[in-house]
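Please look over the model below before reading on. The numbered points that follow are meant to be checked against it, one after another.

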Amino acid sequence: MNFERIKEKLNILADAAKYDVSCSSSGSKRANKNKGLGDSSGMGICHTYTEDGRCVSLLKILLTNHCIFDCAYCVTRKSNDVKRAAFKVQEVVDLTINFYRRNYIEGLFLSSGIFKNADYTMERLVLVAKKLRLEENFNGYIHLKSIPGASDELMREAGLYADRLSVNIEIPTEQGLKLLAPDKKREDFIKPMRKVKNEIIQYKSEKKLIKSTPIYAPAGQSTQMIIGATDETDAQIMYTSAYFYKEFQMKRVYYSGYIPISHDERLPSIGTDVPMLRENRLYQTDWLLRFYGFSIQELLNKEHPNLETDIDPKLSWALRNLQHFPVDVNHADRRLLARIPGVGMRSVDKIINARRYRKLGWEHLKAIGISMNRAQYFLVCASSKFEAKDRTAAQLKSLIMGNSSSKWRGAYSSQLNLFESNANVTVS
Ligand code: SF4
């Protein structure tokens with residue numbers, strides 16, 4: 001093995017992969033078998049991050065950054081003048097095992113540019129996973145990117161060796177995709193997603209009858225959208241996201257703020273801020289839709305097609321719907337409690353549990369950990385009168401923002417530093 005060359009490839013291909021944010025690895029239960037290597041169950045694999053906020057507990061690389069496509073938003077596009085490299089299948093296997101043995105990583109996140117064609121590339125990704133599982137007896141976490149347009153047979157095989165599969169939607173709307181990646185078709189993303197969904201269902205039902213049936217892609221599938229490369233609204237993004245959650249039973253949809261990388265009049269110009277705050281508001285909205293019982297229509301609609309960036313989406317909704325408040329924390333049901341700004345789902349559970357024993361007042365709510373700066377204007381409890389009084393939404397917003405310690409502000413500015421010299425990358 002030529003170590004210098006491998007090191008060089010690693011630099012190029014890890015750098016090209018690092019801005020793909022869809023590397024969450026939670027949810028897999030692949031246990032260590034036959035005294036093999038690794039154990040992806042309960043190891044908190046993906047929740048360690050580098051100082052730049054990206055996940056590092058996985059070896060996160062591309063198989064190659066050669067690509068036959070020319071997607072305008074991607075640093076790997078064929079017209080971009082960057083250093084290219086490609087790993088051999090065995091090199092990725094060896095790297096993964098060596099890094100694992102040294103305790104550098106707990107798994108592998110493997111994506112790729114498309115060389116030759118979708119199947120040629122997908123076949124190699126699958127081969128890496130297969131060799132790790134069958135030849136190296138590796139039970140650590142494996143996340144494989146699926147190549148749009150890959151055949152059903154390869155997708156079926158991929159899920160037998162990988163914990164998670166993902167295909168990036170890339171651009172939230174079909175028009176946007178047409179504009180920036182005219183060679184690609186939406187159907188190329190949909191087809192492998194549908195295949196993965198159907199295989200998961202089929203393997204699950206077979207397992208009920210035959211215990212020895214393997215689990216197909218135990219951590220499910222995920223996808224990623226680039227935000228801000230085209231001019232879609234937040235409402236369009238969240239409707240797209242909801243469609244993919246529902247239709248393909250996605251475990252996660254990731255939102256990745258576009259990092260301007262090229263002089264292209266179809267794209268935001270170089271120097272335009274990366275929409276980190278918007279990215280965060282979309283994640284919060286995603287959470288409200290999946291876990292808090294909100295509908296998209298409540299948060300985003302014709303009158304409000306975009307999220308406010310200066311306040312979180314729940315507070316924004318509450319200020320537009322003051323008629324629903326105050327909520328009585330000692331009597332309200334779970335759904336209403338979850339709508340109080342500053343009250344998370346864990347706090348909802350704690351409130352419901354605690355109020356069985358006593359009437360809750362300020363001191364109890366503070367002890368539970370709810371954010372009183374926001375919550376006090378939207379609830380009543382044993383010790384309070386209603387703090388909102390006759391204030392208007394605008395007055396409440398300014399009061400809350402005035403008293404906010406703004407924990408995000410610092411985080412955003414430090415994250416923005418990450419992008420000073422690096423280009424946005426997304427791979428299929
Ligand atoms: S997004 Fe994927 S297909 Fe498009 S240029 Fe990048 S690596 Fe190639």
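**Notes on the predicted model**

1. Arg133 is buried, and Asp163 is buried as well, where buried means under 20% relative accessible area, exposed means over 50%, and partly exposed lies in between (1.4 Å probe, protein chains only). Arg133 forms a salt bridge with Asp163, with 2.7 Å between the closest N and O atoms; a salt bridge is taken as a side-chain nitrogen of Lys or Arg within 4 Å of a carboxyl oxygen of Asp or Glu. This pair links distant parts of the chain, since Arg133 lies in helix 3 (residues 118-135) and Asp163 in the loop between helix 4 (152-161) and strand 4, 30 residues apart. Helices (H or I, at least four residues) and strands (E, at least two) are DSSP runs, numbered from the N terminus.

2. On the basis of these values: this is a predicted model, in which local features need pLDDT of at least 70 and side-chain atom pairs count only at pLDDT 80 or more, while totals for chains, interfaces and linings use all residues. Residues are numbered from 1 along each chain as its sequence is written, and side-chain values use heavy atoms, with hydrogens and water left out.

3. By the salt-bridge rule the count comes to 18. One of them joins Glu8 to Arg5, with the closest N and O atoms 2.9 Å apart, and both residues lie in helix 1 (residues 3-17), three residues apart, which is about one turn of the helix. Glu8 counts as partly exposed because its relative accessibility is 30%, and Arg5 is likewise partly exposed, with a relative accessible area of 31%.

4. Which residue forms a salt bridge with Glu8 at 3.2 Å between the closest N and O atoms? Lys83 does, and the pair links distant parts of the chain, with Lys83 in the loop between strand 1 and helix 2, Glu8 in helix 1, and 75 residues separating them. Lys83 counts as exposed because its relative accessibility is 57%. Salt bridges that share partners join Arg5, Glu8 and Lys83 into one network.

5. Six strands form an open sheet in the order 1-2-3-4-5-6, with parallel pairing; two strands pair if DSSP finds at least two bridges between them. The edge strands, each pairing on one side only, are strand 1 (58-62) and strand 6 (252-257). Neighbouring strands of this sheet are turned by 20° against each other on average, with direction ignored; axes are lines fitted to C-alpha atoms, for helices over the stretch in contact, and angles run from 0 to 180 degrees between N-to-C directions.

6. Within the sheet, five bridges join strand 1 to strand 2, and these two strands run parallel; Lys60 has Phe109 as its bridge partner in strand 2. Strand 2 is mostly covered, with five of its five residues buried: Gly107, Phe109 and Ser111 point one way, Leu108 and Leu110 point the other way, and all are buried. Strand 4 (residues 164-166) is joined by two bridges to strand 5 (residues 221-227), again running parallel, and the bridge partner of Ser166 in strand 5 is Ser222.

7. Helix 2 (residues 89-101) lies across strand 1 and strand 2 (107-111), running at about 160° to strand 1, and helix 8 (residues 276-291) lies across strand 5 and strand 6, running at about 165° to strand 6. Contact here means heavy atoms within 4.5 Å.

8. A search of the whole structure finds twelve aromatic pairs, where rings of Phe, Tyr and Trp (its six-membered ring) pair if their centres lie within 6.5 Å, and planes under 30 degrees apart count as stacked, over 60 as edge-to-face and the rest as tilted. The rings of Tyr243 and Phe248 have their centres 5.9 Å apart and their planes at 85°, so this pair is edge-to-face. Tyr243 is partly exposed, with a relative accessible area of 37%, whereas Phe248 is buried, at 1%.

9. Phe294 and Trp317 form an edge-to-face aromatic pair, 5.1 Å centre to centre and with 80° between the planes. This pair links distant parts of the chain: Phe294 is in the loop between helix 8 and helix 9 (296-299), and Trp317 is in helix 10 (residues 313-320), 23 residues apart. Both Phe294 and Trp317 are buried, and together with Phe325 and Phe378 they form one aromatic cluster.
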